[in-house]
Amino acid sequence: MPEVTIHIGGRGFEVSCQEGEESYLQSAAKMLDDEAQVLSDQIGRMPEARMLLMAGLMLADKTAAVEDRIKEVEAELAEREAELADLRAAPAPEPERIEVPVVPPLVTETLAELAARSEALAQELEEQGAAG
């Protein structure tokens with residue numbers, strides 16, 4: 001079983017851990033040391049046991065807050081998953097009906113007449129251009 005030296009509050013501690021868990025232990029020790037440093041900055045020097053107790057309680061408080069937030073997020077996720085399931089189970093909406101206005105026959109006839117006049121004028125201009 002590996003022995004690891006961790007540093008908390010400026011003090012070194014020899015700790016045993018399982019093979020391969022050294023980095024996890026160092027990471028946890030760093031978290032505890034960060035909290036101990038906050039205490040040391042605020043209060044100053046204190047007995048080792050008290051410093052470790054207070055740092056541990058501060059970490060426990062943070063952990064509890066994170067666990068509460070996780071529960072909130074999980075509840076919100078469950079709501080969203082239920083909404084998604086409801087949406088997937090809902091029947092497809094009816095296609096929207098769109099009505100297109102019909103062009104009155106008088107407009108169509110007038111446009112056809114204008115087109116015929118335009119073509120006649122174009123033909124007349126071409127003939128004048130060819131003769132000139």
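Is L114 buried, exposed or partly exposed, and what is its relative accessibility? In this predicted model, L114 has a relative accessibility of 45% and therefore counts as partly exposed. The category follows because partly exposed covers the range between buried, under 20% relative accessible area, and exposed, over 50%. L114 belongs to helix 3, which spans residues 105-131. Together with V103, V107 and L111, L114 forms a nonpolar surface patch of about 350 Å².

Helix 3 also contains E127. The relative accessible area of E127 is 48%, so this residue, too, is partly exposed. From E127 the description can pass to R11, a residue 116 positions away along the chain; the C-alpha atoms of the two are separated by 109 Å.

R11 is located in strand 2, comprising residues 11-16. R11 is buried, yet it takes part in no salt bridge. The nearest side chain of opposite charge is that of E48, at 4.3 Å.

A polar atom of the R11 side chain lies 3.2 Å from the backbone oxygen of M46. When neighbours within four places in sequence are left aside, R11 is in contact with I6, R45, M46, P47, E48 and M51.

Methods: Residues are numbered from 1 along each chain as its sequence is written. This is a predicted model: local features need pLDDT of at least 70, side-chain atom pairs count only at pLDDT 80 or more; totals for chains, interfaces and linings use all residues. Side-chain values use heavy atoms; hydrogens and water are left out. Patches are made of residues with over 30% relative accessible area and no salt bridge: like charges are joined within 9 Å, nonpolar side chains (Val, Leu, Ile, Met, Phe, Trp, Tyr) within 5 Å. Accessible areas come from the Shrake-Rupley method with a 1.4 Å probe; for residues, only the protein chains shown count as cover. A salt bridge is a side-chain nitrogen of Lys or Arg within 4 Å of a carboxyl oxygen of Asp or Glu. Helices (H or I, at least four residues) and strands (E, at least two) are DSSP runs, numbered from the N terminus. Buried means under 20% relative accessible area, exposed over 50%, partly exposed in between (1.4 Å probe, protein chains only). Lys and Arg count as positive and Asp and Glu as negative; His and the chain ends are not counted. A polar contact is a pair of N or O atoms within 3.5 Å; within protein, one must be able to donate a hydrogen and the other to accept it, and residues adjacent in sequence count only if both atoms are side-chain atoms. Contact means heavy atoms within 4.5 Å.
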